[in-house]
Amino acid sequence: MFKRTSIGGAFPIRLAMSTAAFAIGVAMSGPSQAAGTVVNVSLWDKGSNIQMATNNGYPATGKDMSKATMGIAVSTDTVKAGEVTFEVLNSSADTVHEFIVARLKDVNKPLPYLTSDNKVDEDKADVHLGEVSELDPGKTGALRLDLKPGNYLLYCDIPGHYLAGMWTPFFVK
Ligand SMILES: [Cu+2]
């Protein structure tokens with residue numbers, strides 16, 4: 001969920017300021033428009049009848065990630081720098097998910113978190129490079145970014161989902 005601020009145009013300003021990436025196109029109609037490396041993404045969960053995990057935020061160090069109740073599966077976790085198209089499917093039967101790309105400045109640190117909102121602080125620099133916003137179960141979306149070499153994190157920021165394990169590292173060489 002992109003957290004809107006009261007300042008008009010915050011989103012384009014954020015993208016212009018980003019040193020890691022810029023959005024070429026956020027909404028695309030289908031795979032025929034894909035460019036560069038294509039990464040297939042599946043947003044999954046164990047069902048809304050399962051109690052959400054709360055101790056599975058990034059990084060995995062010291063955590064039992066088998067306890068994660070939600071996650072992001074990717075066809076590849078490493079791509080070469082340049083245009084990357086994420087083709088995203090919400091594989092859930094009953095839960096809305098989303099897909100956000102963040103750049104990790106320090107792979108040992110969690111993303112900045114707003115405990116009161118139970119979500120990642122997307123307003124912090126590089127934490128939100130682009131997104132496929134709320135996808136209903138079974139729906140698809142695509143996101144194309146120009147990515148520089150570095151360490152990234154793909155995550156979902158529906159409240160609680162990041163701590164439930166809904167993230168995966170991603171590497172650009
Ligand atoms: Cu989610």
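Guide: Start at Ile100, whose bridge partner in strand 11 is Tyr155. Strands here are DSSP runs of E, at least two residues long, numbered from the N terminus. Bear in mind that this is a predicted model, where local features need pLDDT of at least 70, side-chain atom pairs count only at pLDDT 80 or more, and totals for chains, interfaces and linings use all residues. Residues are numbered from 1 along each chain as its sequence is written, and side-chain values use heavy atoms, leaving out hydrogens and water.

Ile100 also has a bridge partner in strand 9, namely Glu131. Strand 6 runs antiparallel to strand 11, joined by 4 bridges, and antiparallel to strand 9 (residues 130-135), again with 4 bridges. Two strands pair if DSSP finds at least two bridges between them. As for cover, 6 of the 7 residues in strand 6 are buried, meaning under 20% relative accessible area with a 1.4 Å probe, protein chains only.

Now for the metal. His97 (ND1), Cys156 (SG), His161 (ND1) and Met166 (SD) coordinate the copper ion at 2.0 to 2.6 Å; donors are N, O and S atoms within 2.8 Å of the metal (3.2 Å for Na, K and Ca), and water is not among the atoms, so sites may look incomplete. His97 sits in strand 6 (residues 97-103) and His161 in the loop between strand 11 (150-155) and strand 12 (167-172), so the two tie together parts 64 residues apart in sequence. His97 and His161 are both buried. The donor spacing reads H-x58-C-x4-H-x4-M.

Technical notes: Buried < 20%, exposed > 50% of the residue type's maximum accessible area, 1.4 Å probe, protein only.
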